[in-house]
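Open the model in your viewer and keep the selection tool at hand. Each stop says what to pick and what is there.

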Amino acid sequence: MEWKKDQFIISDDKALINIEKVSYLLNSTYWAGGIKKETIEKGIANSHCFGIYLGEMQIGFARAISDKAVLTWIMDVIVDERFRGKGLGKWLIECILQHPELKNTKFRLATEDAHELYRKFGFTDEKIMIRPRMD
């Protein structure tokens with residue numbers, strides 16, 4: 001699918017994803033810093049992915065893990081800092097929540113710093129148990 005707004009495009013076409021840019025963006029975050037490019041590629045291969053593009057330049061990314069029936073977990077939501085403050089992150093979440101294969105599922109995510117953004121979409125704070133990676 002593809003969504004257009006002004007000069008920006010959001011697409012779920014994995015063929016458009018610039019793995020170098022996504023790796024760079026994610027490695028600048030508190031949640032994915034230090035993750036190897038190969039691990040990011042494997043995550044992309046096994047997720048429903050969304051890229052934000054300005055022309056051919058990728059400026060944002062998110063992915064969703066879903067059984068497409070009951071649950072979707074939103075992860076790795078990131079917008080290049082040069083393009084923040086334009087509502088692109090909000091629009092990205094809107095597109096994910098409206099995607100026809102995902103929209104009827106229960107959505108979950110984890111964040112340390114974007115609670116207000118996600119509350120605008122009806123997300124609430126819940127207790128979640130987590131087992132860390134074992135590698």
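This is a predicted model: local features need pLDDT of at least 70, side-chain atom pairs count only at pLDDT 80 or more; totals for chains, interfaces and linings use all residues.

**Stop 1: two helices**

Select residues 19–27, helix α1, and residues 37–45, helix α2. Two packed helices are described by the angle between their axes and the distance between the axes. Here the angle is about 110 degrees, and the axes lie 10 Å apart. Angles of 65 to 115 degrees count as roughly perpendicular, so α1 and α2 are roughly perpendicular to each other.

Now show the side chains at the contact. From α1, pick Ile19, Glu20, Val22, Ser23, Leu26 and Asn27. From α2, pick Lys37, Ile40, Glu41 and Ile44. Colour this contact by residue class: five are nonpolar, two polar and three charged.

**Stop 2: aromatic pairs**

How many aromatic pairs does the structure hold? There are four aromatic pairs. Two of these stops follow. A pair of aromatic rings is described by the distance of the centres and the angle of the planes.

Select Phe8 and Phe83. Their rings are edge-to-face, with 6.5 Å centre to centre and 80 degrees between the planes. Trace the chain from one to the other: this pair links distant parts of it, 75 residues apart. Phe8 sits in strand β2, residues 8–11. Phe83 sits in the loop between β5 (71–79) and α3 (88–98).

Phe8 has 7% relative accessibility, so Phe8 counts as buried. Phe83, at 12%, therefore counts as buried too.

Next, select Tyr30 and Trp31. This pair is edge-to-face, 5.1 Å centre to centre, with 80 degrees between the planes. Tyr30 is partly exposed, with a relative accessible area of 41%. Trp31 also counts as partly exposed, at 35% relative accessibility.

**Stop 3: Asn46**

Where is Asn46? Find Asn46 in the loop between α2 and β3 (48–54). Exposed means over 50% relative accessible area. Asn46 has 57%, so Asn46 is exposed.

Zoom in on the side chain of Asn46. One of its polar atoms lies 2.9 Å from the backbone oxygen of Lys42.

Asn46 and Ser66 are 20 residues apart along the chain. Draw a distance between their C-alpha atoms: the separation is 9.8 Å.

Notes
Residues are numbered from 1 along each chain as its sequence is written. Side-chain values use heavy atoms; hydrogens and water are left out. Axes are lines fitted to C-alpha atoms, for helices over the stretch in contact, and angles run from 0 to 180 degrees between N-to-C directions. Helices (H or I, at least four residues) and strands (E, at least two) are DSSP runs, numbered from the N terminus. Angles under 35 degrees count as roughly parallel, over 145 as roughly antiparallel, 65 to 115 as roughly perpendicular and the rest as oblique. Contact means heavy atoms within 4.5 Å. Ala, Val, Leu, Ile, Met, Phe, Trp, Tyr, Cys and Pro count as nonpolar, Asp, Glu, Lys and Arg as charged, and the others, Gly among them, as polar. Rings of Phe, Tyr and Trp (its six-membered ring) pair if their centres lie within 6.5 Å; planes under 30 degrees apart count as stacked, over 60 as edge-to-face and the rest as tilted. Buried means under 20% relative accessible area, exposed over 50%, partly exposed in between (1.4 Å probe, protein chains only). A polar contact is a pair of N or O atoms within 3.5 Å; within protein, one must be able to donate a hydrogen and the other to accept it, and residues adjacent in sequence count only if both atoms are side-chain atoms.
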